[in-house]
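Reader: I am new to reading helices. Can you take me through a structure step by step?

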Amino acid sequence: MEWAEAISEAVRYIENHITEDITMYEVANHVNISPFYFHKGFALLCGYSITEYIRNRRMALAGEE
């Protein structure tokens, strides 16, 4: 799986489980990439860490309600 595909799949996984208590380790495991490389790759391609992405998405959902 290429990085772009892995990140896309990770974002889909996050969106499907956003209300659950998910971790970076679970997401990395889902896309079969080591947590260390996944964290680095996500930040490099997206511009922010995966934990920031999850937090921002949750805040956006809370703001909509």
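Author: Start with a definition: contact means heavy atoms within 4.5 Å. Buried means under 20% relative accessible area, and exposed means over 50%. Keep in mind that this is a predicted model.

Reader: Which residues of α3 are buried?

Author: Helix α3 runs over residues 35-46. Apply the cut-off of under 20% relative accessible area. The residues of α3 that count as buried are F38, G41 and F42.

Reader: Why are they on the same side of α3?

Author: An α-helix has 3.6 residues a turn, so residues three or four places apart point the same way. The buried residues of α3 are F38, G41 and F42. They lie on the same side of α3 because they cover an arc of only 100 degrees around the axis.

Reader: What do the buried residues of α3 pack against?

Author: Look for heavy atoms within 4.5 Å. The partners of these buried residues are α1 (3-16), α2 (24-30) and α4 (50-64).

Reader: Which exposed residues does the face of α3 turned away from its buried side carry?

Author: Exposed means over 50% relative accessible area. On that face of α3, the exposed residues are F36 and L44.

Reader: How many Å apart are the end C-alpha atoms of α1?

Author: α1 has 14 residues. At 1.5 Å a residue, they should span 20 Å. The model agrees, because the end C-alpha atoms of α1 are apart by 20 Å.

Reader: What arc do the buried residues of α1 cover?

Author: In α1, the buried residues are A6, I7, A10, Y13 and I14. They sit on the same side of α1, because their arc around the axis is only 120 degrees.

Technical notes: Residues are numbered from 1 along each chain as its sequence is written. This is a predicted model: local features need pLDDT of at least 70, side-chain atom pairs count only at pLDDT 80 or more; totals for chains, interfaces and linings use all residues. Side-chain values use heavy atoms; hydrogens and water are left out. Helices (H or I, at least four residues) and strands (E, at least two) are DSSP runs, numbered from the N terminus. The expected span of a helix is 1.5 Å times one less than its number of residues. Buried means under 20% relative accessible area, exposed over 50%, partly exposed in between (1.4 Å probe, protein chains only). The arc is that of the directions from the helix axis to the C-beta atoms.
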